[in-house]
Amino acid sequence: MIAKDLTVGEYNPYYQTYIDKANALAIPEGLSANSKSVVAFFESIPKDKLEYRYAEGKWTIKELLHHIIDTERIFAYRALRVARKDKTPLPGFDENEYVLPAKSNDRSIESLLNEYKAVRQATLALFETFTNEMLIEIGTASNSPISARAIGFIITGHENHHCEVVKERYL
């Protein structure tokens with residue numbers, strides 16, 4: 001199944017931008033392909049740009065990469081809960097509250113990319129265990145319905161979105 005297989009009611013329309021930016025692959029293949037392209041992209045960024053902010057109050061590239069990592073962790077946890085038929089509503093999160101405590105700018109790009117790869121490997125391993133029945137399970141996150149498979153596509157689309165932002169506004 002690919003992102004175009006999603007149906008109305010599997011996710012909040014807020015996530016449409018990310019779903020539209022997911023690649024046209026099944027979730028495990030998409031996660032794997034994206035991992036390679038995201039790592040190559042961030043490795044190609046000049047070191048002097050990694051702590052650049054294109055405007056006052058905007059994140060640096062390192063902070064943005066850490067945001068991708070944190071978001072993937074949260075969404076993978078949501079996918080686990082949904083796929084396991086946990087009907088407990090899952091709260092939203094304020095990504096801006098995660099930036100300062102993470103201290104991303106104190107870390108090397110190598111350290112951040114190693115963390116990204118570890119998180120992606122764990123996410124990939126998780127999604128590889130999901131059956132089709134698990135993927136179509138629907139739970140509640142941020143007061144909206146969400147399926148486990150929608151979450152997989154949101155993860156790849158979210159990072160694709162942020163890579164586009166870096167290209168457009170930082171480089």
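This is a predicted model: local features need pLDDT of at least 70, side-chain atom pairs count only at pLDDT 80 or more; totals for chains, interfaces and linings use all residues.
The protein holds 7 helices and 2 strands. Read along the sequence, these elements follow the pattern α-α-α-α-α-α-β-β-α. The radius of gyration is 16 Å, close to the 16 Å that the globule rule gives for 171 residues, so the protein is as compact as a globular protein of that length. The C-alpha trace spans about 45 × 30 × 25 Å along its principal axes. Of the 171 residues, 49% are buried.

Aromatic contacts come next. A pair of aromatic rings is described by the distance of the centres and the angle of the planes. The structure contains 9 aromatic pairs. One of them joins Y15 and F75 in an edge-to-face arrangement. Their ring centres lie 5.8 Å apart, with 85 degrees between the planes. Y15 belongs to the segment before helix 1 (16-21), while F75 sits in helix 3 (residues 61-83). The pair therefore ties together parts that are 60 residues apart in sequence. Y15 counts as buried because its relative accessibility is 11%, under the 20% cut-off. F75 also counts as buried, at 4% relative accessibility. A further pair is formed by F127 and F130. Here the centres are 5.1 Å apart and the planes stand at 70 degrees, so this pair is edge-to-face; the angle is over the 60 degrees required. F127 is buried, with a relative accessible area of 3%. F130 is buried too, with a value of 8%.

Together with Y14 and Y18, they form one aromatic cluster.

Lysine side chains meet aromatic rings at two sites described here. The charged end of K49 sits over the ring of Y52, 4.6 Å from the ring centre. K167 lies over the face of F41. In that case the distance to the ring centre is 5.2 Å.

Rolling a probe the size of a water molecule over the atoms shows where empty space is left. A search of the whole structure finds 2 cavities of 30 Å³ or more.

The largest cavity has a volume of about 70 Å³. Its lining consists of E63, H66, H67, D70, T71, F93, E95, Y98, V99, A102 and S104. Helix 3 gives the most, with 5 residues. By class, the lining of the largest cavity has 4 nonpolar, 4 polar and 3 charged residues. The charged residues include E63 and D70.

The second largest cavity holds about 30 Å³ of space. I68, E72, R120, I155, H158 and E159 line this cavity. Helix 3 and helix 7 (148-169) are the elements that give two or more residues to the lining. Helix 7 gives the most here, with 3 residues. The lining of the second largest cavity divides into 2 nonpolar, 1 polar and 3 charged residues.

Helix 3 gives the most residues to the lining of the largest cavity. Helix 3 is also among the elements that give two or more residues to the lining of the second largest cavity.

Definitions and conventions: Residues are numbered from 1 along each chain as its sequence is written. Side-chain values use heavy atoms; hydrogens and water are left out. Rings of Phe, Tyr and Trp (its six-membered ring) pair if their centres lie within 6.5 Å; planes under 30 degrees apart count as stacked, over 60 as edge-to-face and the rest as tilted. Helices (H or I, at least four residues) and strands (E, at least two) are DSSP runs, numbered from the N terminus. Buried means under 20% relative accessible area, exposed over 50%, partly exposed in between (1.4 Å probe, protein chains only). A charge sits over a ring if NZ of Lys or CZ of Arg is within 6 Å of the ring centre and within 35 degrees of the ring normal. On a 1 Å grid over the protein atoms alone, a cavity is a set of points where a 1.4 Å probe fits but cannot get out, and a pocket is an open set with protein on both sides within 12 Å along at least five of seven lines; lining residues have an atom within 4 Å of a point. Grid points are joined across faces, edges and corners, and a volume is the space filled by probe spheres set on the points. The radius of gyration is taken over C-alpha atoms; the globule rule is 2.2 Å times the number of residues to the power 0.38.
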